[in-house]
Amino acid sequence: MNEHQEGRLRTRWRRAARTVVAAAAAAVGVTVLAVGFTAGAATAGGSSADRGTSSASLAAASVSQVATGDLHTCVVRTDGTLWCWGNNFNGQLGDGTTTSRTSPVRIGTATTWARVDAGRTNTCAVRTDGTLWCWGANNNGQLGDGTTTTRNSPVQVGTATTWASVSTSNNHTCAVRTAGTLWCWGLNGHTQLGVGTTPLMSTTPLQVGTATTWASVTTGYAHTCAVRTDGTLWCWGSSSDGQLGLGILSFKSTPTQVGTANTWSGVTAGYVHTCAVRTDGTLWCWGENGYGQVGGGSGFQTTPLQVGTATTWARVDASIDTSCAARTNGTLWCWGRNTYGQVGDGSTTHRPAPTQVGTVTTWTGGLSASYHTCATRTDGTLWCWGDNFLGQLGDGTTTGRTTPAQVTLPA
């Protein structure tokens, strides 16, 4: 592998992504340029999101976790049920069809779902019994079921009952077990599996090293980062734009520690940038910065750059070229790419620094950002905004929104 080859691969991915969207447009009889945005009453004194009022009656069970893929959304509710909506061309909703949905649809009948994560065209989730399930696109073995067969309903990954959390991206997936071991599978063309330069692809989970102290993991387009129980941060895979935070523009084939700090509490990987929070409440980002998604500096950043001076950051999420983070005072902030209004400030202007989403102070930190963004509030309600080309906002329409709108889940 060399940097020229890596750049060509990234270019091909971007072209493929545009092709997918164009094909979707043809399928539903609209054009990408025709996608509109509604800011609600944001330009005239604040939308219902800003006023803190609900636009519909609350559902019987509130949302405990949300995940956004490129063009689809999934949530786990407090009653353990799983719901998805949006693009379903690859079966990523898991409802047994390839029919896209503009409103939430329940996945199966299980009431034991605990955590969910959405990739570009695939989804994975963990149940309370410790089993792991994946579905959707599987061209590079990212579902981990030993095949490259696309699945339109959940399939179990192996037989283990000790999975704790999972993160899935475009072509690879990683997960942590309750024993603290870390496992990855899927495409390894940029060494993003963390097991060396071979194999090129694995359709089943491979253990990353022998450490038993992994606490959490996150997957980007072609890189992976994870935090250990001792507070250290480790990254591997592609660093074409410095997204590993190691001061390099090449790659690492196995986990490599980022700096010497042991105060990292959480990390999130975007397309080719990364953000993380420390135990002192500071926020740090690095990698590609073409849309300002790093939240500061000029050009790409190859080492962690502190975002502002605030020490009240609680959680951050990064995906594609946008970042969002919640503070301990319940406010929500987003920055970076804003082509589809995913920053949530009522505009489509890219933001190079954190911009507050309305004035609400009841955001919980349950958030997920992509071409669209979704987040939960303390009352368990779910709010989404940004691109809605295939109904990923879940409001029954395909109209984009530049400010948060409540998603009404069936009772």
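A polar contact is a pair of N or O atoms within 3.5 Å; inside a protein, one of the two must be able to donate a hydrogen and the other to accept it. Keep in mind that this is a predicted model.

**Exercise 1.** Find Thr81 and work out where it sits, whether it is buried or exposed, and which side chains its own side chain meets in polar contacts.

*Solution.* 
- Step 1: Start with the place. Thr81 belongs to the loop that links strand 3 (72-77) and strand 4 (82-86).
- Step 2: Check the accessibility. Thr81 has a relative accessible area of 3%, and buried means under 20%, so Thr81 is buried.
- Step 3: Look for polar partners. The Thr81 side chain makes a polar contact with the side chain of Asp79 at 2.6 Å, and another with the side chain of Trp83 at 2.8 Å.
- Step 4: Now skip the neighbours within four places in sequence. Thr81 is then in contact with Val75, Val76, Arg106, Ala110, Thr111 and Trp113.

**Exercise 2.** A search of the whole structure gives twelve aromatic pairs. Take Trp214 and Trp236 and decide how their rings are arranged.

*Solution.* 
- Step 1: Know what to look at. A pair of aromatic rings is described by the distance of the centres and the angle of the planes.
- Step 2: Read off both values. The ring centres of Trp214 and Trp236 are 6.1 Å apart and the planes stand at 65°.
- Step 3: Compare with the cut-off. Planes over 60 degrees apart count as edge-to-face, so that is what we call the pair Trp214 and Trp236.
- Step 4: Trp214 is in strand 14 (residues 214-219) and Trp236 in strand 16 (residues 233-238), so the pair ties together parts that are 22 residues apart in sequence.
- Step 5: Check burial. Trp214 is buried at 4% relative accessible area, and Trp236 is buried too, at 0%.

**Exercise 3.** Which Trp rings have the charged end of Arg327 or the residue Arg377 over them?

*Solution.* 
- Step 1: Arg327 has its charged end over the ring of Trp313, 4.2 Å from the centre.
- Step 2: Arg377 lies over the face of Trp363, 4.6 Å from the ring centre.

**Exercise 4.** Describe the largest pocket: how much space lies in it, and which strand gives the largest share of its lining?

*Solution.* 
- Step 1: The space in the largest pocket is about 890 Å³.
- Step 2: Its lining has 46 residues, and Asp117, Thr218, Thr268, Arg315 and Asp317 lie nearest the centre.
- Step 3: Strand 22 gives the largest share of that lining, with six residues.

Definitions and conventions:
Residues are numbered from 1 along each chain as its sequence is written. This is a predicted model: local features need pLDDT of at least 70, side-chain atom pairs count only at pLDDT 80 or more; totals for chains, interfaces and linings use all residues. Side-chain values use heavy atoms; hydrogens and water are left out. Helices (H or I, at least four residues) and strands (E, at least two) are DSSP runs, numbered from the N terminus. Buried means under 20% relative accessible area, exposed over 50%, partly exposed in between (1.4 Å probe, protein chains only). Contact means heavy atoms within 4.5 Å. Rings of Phe, Tyr and Trp (its six-membered ring) pair if their centres lie within 6.5 Å; planes under 30 degrees apart count as stacked, over 60 as edge-to-face and the rest as tilted. A charge sits over a ring if NZ of Lys or CZ of Arg is within 6 Å of the ring centre and within 35 degrees of the ring normal. On a 1 Å grid over the protein atoms alone, a cavity is a set of points where a 1.4 Å probe fits but cannot get out, and a pocket is an open set with protein on both sides within 12 Å along at least five of seven lines; lining residues have an atom within 4 Å of a point. Grid points are joined across faces, edges and corners, and a volume is the space filled by probe spheres set on the points.
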